[in-house]
Structures are given as structure tokens and as C-alpha cells.
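Dear colleague,

Here is the structure I promised to hand over, and below it you will find what turned up when I went through it. Please keep it open beside you while you read.

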Amino acid sequence: MRQNNIPSTTDFSLQLHDVNYEIAQAGHQLSNEDINKLIVCQKQSYTQFGLIDIHANIIFTIASKLAYSPYIRQVDFVDVIASFMNSYYAIRKYVRARLYDDELVALMYQHYLHNHGQLDSECIYQIIQTVRSSK
Amino acid sequence: MNELIHAQYQEYSFTDMVHKLQKEGKIDEVQIQAIESELVKIAHHLVLQYNHKRSSTISLHAYKQIHRSILYALDHVHTYKDNPSLLQANHIECFYQQGFQYIEKQLESLKHQALRLEKQALHVENERYQDVLHHQFFDFIKDYHPAYKATLCKQDFDYPLLDGLALDHQMYGLVGLDLAQEYANRFDLEQQFCHLYENQLETLVHWYELQKGISVHVLGLNIMELLLRQQLFACLLPNPKKLLLTKVELEFLARKITNANTFANLAYKRLQNSINPEMYTYSLRFKERFVQELQIAISHQSFDSFIIYEMEDCNKVQFQVHHAMDNDSFLDIVEQIEQESCTEARVQRLLSSKASIHDVLDILDMSIFNQEEYETYFCKLDSLTLALLFRYIYPEEFLFQQTPTLDADTLHRLESAREWYTLLKKHLGTLDAWQRQEIEQIFQSLK
């Protein structure tokens with residue numbers, strides 16, 4: 001019996017359509033190939049931190065959030081999503097399910113903006129401390 | 001011999017059944033993938049439930065435990081095992097719910113069983129027995145979660161049963177609630193057996209301690225084995241229900257038993273008539289070991305190593321292993337001693353207190369006396385009391401029937417876990433040869 005689950009891209013056509021509609025106004029778009037690449041990155045990231053994510057919704061949550069960032073261009077949009085997602089799982093490892101997915105992404109985005117489009121180790125540490133001390 | 005008390009559909013797990021049907025060609029790859037998809041759906045639902053719907057991310061460790069818990073629940077469903085054609089994807093969710101409900105009922109049943117066992121606890125001060133009864137069963141129940149941690153069992157269940165520790169039998173090849181239940185069922189059966197001899201148990205344990213020279217408190221001892229062995233020997237006597245044997249009865253048995261197998265078969269045959277079939281079948285787990293013990297006893301004429309009997313009173317000192325004083329009386333004595341100001345008066349208070357040896361040891365450990373008072377106290381003690389003090393603070397010197405001497409080398413070797421031990425050793429070193437000899441003779445009686 002399988003332990004991991006990698007969702008197929010055909011599952012996300014509707015989500016992709018919705019998120020592209022949302023981010024188009026910021027001048028961004030994601031293709032099926034982008035989603036394929038991000039799903040592979042997602043798996044690498046959560047595996048790196050000893051985690052598992054049962055679906056790929058976080059990709060679209062992050063994409064929607066980052067689309068209006070002043071620090072992103074379309075050429076590096078996918079790479080920034082992948083990097084942000086990696087930080088997301090790094091934080092998730094230590095904060096577990098204390099925050100909803102979108103709440104954590106929102107908190108990360110605040111720190112990301114405050115840090116001029118970077119989420120370095122110190123930033124990640126501060127986010128973890130913020131979440132842990134809040135409950 | 002390690003048969004489970006309740007086997008119950010242990011032959012095939014869910015995964016085994018799927019593989020078996022695949023081998024027999026009754027299920028194809030498409031159907032297996034459909035079943036896997038259903039399992040994944042259930043797992044996803046449980047992950048969200050585990051995270052209170054806040055996140056879709058979970059640790060890999062927790063996810064694997066959830067996955068194992070799902071399979072564990074499916075392992076406990078009889079429906080598809082009775083009728084394998086029902087093993088289809090669209091029934092998986094239903095089977096899971098059946099399995100989950102079965103486990104919940106089993107957990108509830110274990111709770112009631114644990115409460116009943118605790119209420120019917122035997123009056124034996126054995127640490128492991130008491131720990132399993134009062135803590136381990138309840139800790140297991142508290143920590144157990146059928147949905148997320150169904151295969152976990154952190155408890156060792158280290159009170160050895162009739163056929164030994166669960167660990168020695170690879171925890172019976174069971175996990176989770178099955179393991180706890182199997183152990184509890186065996187424990188229950190043993191406890192029921194021990195209750196048949198409840199009115200003799202305390203005395204028998206006391207005699208055992210006297211004979212072996214050690215308290216049962218920290219021993220890895222099985223209470224049923226203690227009673228069963230004694231019962232098997234008693235089966236050859238006119239009154240088989242009397243387990244408290246005399247030395248005369250011991251000597252009679254030593255003369256009578258000449259063939260281990262013959263006697264063991266006879267004893268078990270007579271035992272079979274006195275206990276219920278389930279208990280009897282369970283007691284057979286001890287038979288092989290019993291025969292080996294008999295062979296040793298016959299060849300070395302050492303029945304007194306196996307049979308517990310009443311040791312003669314003359315020239316034997318009964319030392320107390322139970323506290324004689326309640327807490328309030330004990331504290332009164334301590335207060336009275338502390339209120340006295342001079343050395344003589346304080347020492348006299350202790351001497352006239354009628355405290356048991358355990359209470360005296362506790363008072364000496366409390367450091368309410370200064371060095372001069374300890375020395376004065378020891379000087380006023382007779383040989384018997386000095387021997388008892390020594391016996392209690394150095395029990396290791398009396399193990400396996402040995403008795404120490406009070407020569408300078410022995411006293412020098414002994415450790416001083418407390419300051420007053422040093423003072424006692426110093427005092428013993430100053431005794432004349434005659435008194436030392438007297439104490440060493442008393443040591444012989446204290447075995």
C-alpha cells in the first residue's frame with residue numbers, strides 16, 4: 001500500500017484557472033508545466049523537513065499571496081513560489097497545526113515584505129517564535 | 001508455548017487478504033488501486049481531523065501512524081474475512097468504520113477490566129505487579145487513540161507472567177490494543193487463580209521472604225507461579241488445599257517424589273479437578289519448567305529450595321517486614337525525641353518507643369541525632385538489635401543463604417550510604433570478640 005500521495009496535475013485544472021484569473025491582474029500566469037514543477041518542489045520541500053502534505057493547495061495559496069509582491073517579476077515567479085514554499089515547510093515543522101495554512105502564509109508574507117522580499121533564516125526563526133508565543 | 005488467550009481472526013491481516021486474493025486472481029490491479037485510493041481518502045480525512053482542519057501538512061511519522069491505524073482497524077473486521085468477495089473499494093469506508101467501532105468497544109472493555117483488576121488487587125508488595133495494575137494499564141488507556149495511534153503501546157508490561165516477560169515472547173507478536181488486551185487477559189486469569197488462595201497468600205509470601213532472605217518488593221517474581229508450584233506439591237498431600245506446609249510435610253514430599261515426570265503428571269491431574277478448564281490450560285505453561293525444577297530437586301535433594309514451608313521458631317528470630325506504626329504515632333515519637341535536650345534523654349526516648357525495626361531505621365535516617373547521640377544509642381543496644389540493624393542496612397550480605405562476619409576487612413569493605421552507617425561500623429569494630437561472635441550467631445538465625 002502506498003505511503004505518499006502525489007496528486008496528478010489534472011486534479012488542478014479548476015484551481016489553476018481560478019488562481020490565474022486572480023493573479024492575472026498583477027501580470028502573472030502559471031502554466032501546467034509550472035504546476036508540475038512546483039508539485040515536485042513541494043514534495044522535495046516537505047520531505048526535507050520530515051513532513052507530508054496531503055494536497056497541493058498550498059501552491060495556489062502562496063501564488064495568490066505573492067502575486068502582488070513588489071519584489072517579484074514574472075520570470076522568477078515560479079522560483080520565488082518554490083523558495084517561499086520551502087520556508088513554509090521549514091516553519092510548519094516547528095509550529096505544527098497552530099495556525100491555518102492561509103494564516104501562516106499571510107504571516108510569512110508580512111515578514112517577507114518587511115524584509116524587502118527575503119525570507120532568510122533569522123526571519124524564519126522570528127516567525128516560529130511569533131507563532132509559538134502567540135498561543 | 002505462547003498461545004494467545006484469544007486468537008480471533010489473527011490468521012489474515014487486511015493486507016495479507018488483498019495479496020492472497022491477488023495471487024488467486026480474484027482481484028486485479030485496477031481494483032487494488034481503487035482500494036488504495038479509498039485508503040488514501042480515509043487517511044486524508046484523518047489528517048485534517050488530526051490538525052483540527054487547520055492544515056493539510058502533518059509529520060511523516062504521524063502520517064505513517066495514521067496509515068497503520070487505518071490498516072489496524074481493517075484487520076479487525078470479520079465481514080470480508082468471512083466473505084472475501086466483499087473486499088471492494090466501495091466497501092472500504094464501511095469496513096473501516098466497523099473496525100474502528102470494534103476497537104472502541106475493545107478499549108472500553110479494557111477500561112472496565114483494568115478497573116476491576118485494580119479493585120481486586122492482591123495484597124503483595126511487589127513493585128512491578130503494583131505498577132502494572134495501578135499505572136501501566138491506565139497509562140495505556142489514557143494515551144491510546146484508535147484513529148491516530150492504534151498500533152502504539154509504550155508500556156513494557158514488565159511484570160512477568162507465568163511464562164515470563166511479554167518482551168521475551170516478542171510482545172506475543174501483537175501491537176496496540178491487541179497487545180494490551182492479551183496481556184490484561186493473562187494477568188486477569190492469573191489474578192483469578194491467585195484469589196483462590198487469597199487467605200494463605202500473605203503468609204506464604206512472608207515465609208518465602210524469610211526463607212530466601214529478601215523482600216519480594218523488587219523481585220521479578222510471578223505470584224501465580226509461587227502459588228501454583230506450592231499447590232502442585234500440596235496435591236500430593238492429604239489436604240491439597242493447604243499450601244502452608246510444615247517441615248514435616250516438606251520431608252515427606254522429599255522422600256515421596258522420586259520421578260519428576262510421574263509426579264508432575266499426577267500433580268497436574270489432581271490440579272485439573274480443582275480449577276476451571278481455562279485456568280488449568282493456562283497453568284500448563286508452567287509444567288515443563290516444573291519438571292526441570294523437580295529433576296534438580298531430586299538429584300540435589302534440595303526440595304527446600306523450591307517448597308515454601310514454615311521454618312522452625314526456636315533459635316530463629318522473626319524480623320518484621322511490615323511497618324508496625326502508623327504515621328501519627330511515628331511523628332509523635334520523633335517530636336518527643338526532638339523536644340528532649342540532653343543526649344541521654346533523647347536516646348532513651350528512642351529506646352523506649354516500641355518502634356519496629358523499620359521505624360527505627362527511618363528515625364536514624366532522619367539525622368535528628370548528632371554523632372554523640374548515635375554513638376550513645378549504639379552502645380546501649382544488645383546483640384540482637386545490632387544484628388537486626390546490620391541485617392537491614394546490608395541485606396546484600398545475606399543473599400543466597402550467606403552470613404557475614406564482623407572482622408575488620410568486612411567492616412572496611414561495606415559502603416556507608418549514610419553517615420550513621422559509618423558510626424555503626426565503628427561501634428561494631430570496637431566490640432569484644434565474644435559479642436561479635438554472638439552477633440554472627442544471630443546472623444545465622446536471621447537467614
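**Where the two chains meet**

Strand β1 of chain A and strand β1 of chain B (residues 57-59) run antiparallel and are joined by three bridges. Within this pairing, A:Leu51 stands opposite B:Ser59, a residue of β1(B). Please bear in mind throughout that this is a predicted model.

How many residues does each chain bring to the contact? Chain A gives 17 residues and chain B gives 18 residues. On the side of chain A that touches chain B, the largest share comes from strand β1 (residues 51-53), which supplies three residues. Sorted by kind, the residues on that side of chain A are eight nonpolar, five polar and four charged.

**Chain A**

The secondary structure of chain A consists of six helices and one strand, and from the N terminus on these elements follow the order α-α-β-α-α-α-α. Its C-alpha trace spans about 45 × 40 × 20 Å along the principal axes. For 135 residues, a compact globule would have a radius of gyration near 14 Å, and the value for chain A, 15 Å, agrees with that. Of these 135 residues, 32% count as buried. If we take the contacts in chain A between residues at least 6 apart in sequence, 65% of them join residues at least 24 apart.

Is A:Arg73 buried or exposed? It counts as exposed, because there are 10 C-beta neighbours inside 10 Å, and the limit for that class is 12 or fewer. A:Arg73 also shows how the chain brings back residues from elsewhere in the sequence: A:His28 is 45 residues away along the sequence, yet the two C-alpha atoms are 8.2 Å apart in space.

In soluble globular proteins, nonpolar side chains tend to be buried together. In this model the largest nonpolar core has 107 residues, and those with the most contacts inside it are A:Ile59, A:Ile62, A:Ala63, A:Ile81, A:Met85 and A:Tyr88. Helix α4(A) gives the most to this core, with 10 residues. Which residues does A:Ile81 touch, once its neighbours within four places in sequence are left aside? A:Ile81 is in contact with A:Leu38, A:Ile59, A:Ile62, A:Ala63 and A:Leu66. Apart from this core lies another one, of 24 residues, among them B:Ile337, B:Ala355, B:Phe378 and B:Ile442.

**Chain B**

Chain B contains 21 helices and one strand. Its radius of gyration is 30 Å, well over the 22 Å that the globule rule gives for 447 residues, so chain B is more spread out than a compact globule. Along the principal axes, the C-alpha trace of chain B spans about 95 × 60 × 40 Å. Buried residues make up 28% of the 447 residues, and among contacts in chain B between residues at least 6 apart in sequence, 74% join residues at least 24 apart.

For residues 100-127 of chain B, UniProt lists "coiled-coil region", in an unreviewed entry. In the model, that stretch is 75% helix and 0% strand, and its end C-alpha atoms are 35 Å apart.

Two residues in the loop between α6 (127-143) and α7 (176-195) of chain B deserve a careful look, and B:Phe157 is one of them. The phi of B:Phe157 is near 45°, a positive value in a residue other than glycine. B:Phe157 counts as buried, because it has 25 C-beta neighbours inside 10 Å. B:Gln170 lies in the loop between α6 and α7 as well, and its phi is also positive, at about 50°, although it is not a glycine. With 9 C-beta neighbours inside 10 Å, however, B:Gln170 counts as exposed.

Finally, B:Ser353 is found in the loop between α15 (343-351) and α16 (357-365) of chain B. With 19 other C-beta atoms within 10 Å, B:Ser353 is partly exposed, whereas a residue would need 20 or more to be called buried. B:Ser353 and B:Glu24 are 329 residues apart along the chain, and their C-alpha atoms are separated by 82 Å.

With best wishes

Note on methods:
Residues are numbered from 1 along each chain as its sequence is written. Chains are lettered from A and ligands numbered from 1 in the order in which they are written. This is a predicted model: local features need pLDDT of at least 70, side-chain atom pairs count only at pLDDT 80 or more; totals for chains, interfaces and linings use all residues. Two residues are in contact if their C-beta atoms, placed from the backbone, lie within 7 Å. Helices (H or I, at least four residues) and strands (E, at least two) are DSSP runs, numbered from the N terminus. Ala, Val, Leu, Ile, Met, Phe, Trp, Tyr, Cys and Pro count as nonpolar, Asp, Glu, Lys and Arg as charged, and the others, Gly among them, as polar. Two strands pair if DSSP finds at least two bridges between them. UniProt positions are given in the numbering used here, feature names are shortened, and annotations may be inferred rather than shown by experiment. A nonpolar core is a set of buried Ala, Val, Leu, Ile, Met, Phe, Trp, Tyr and Cys residues joined through C-beta atoms within 7 Å. The radius of gyration is taken over C-alpha atoms; the globule rule is 2.2 Å times the number of residues to the power 0.38.
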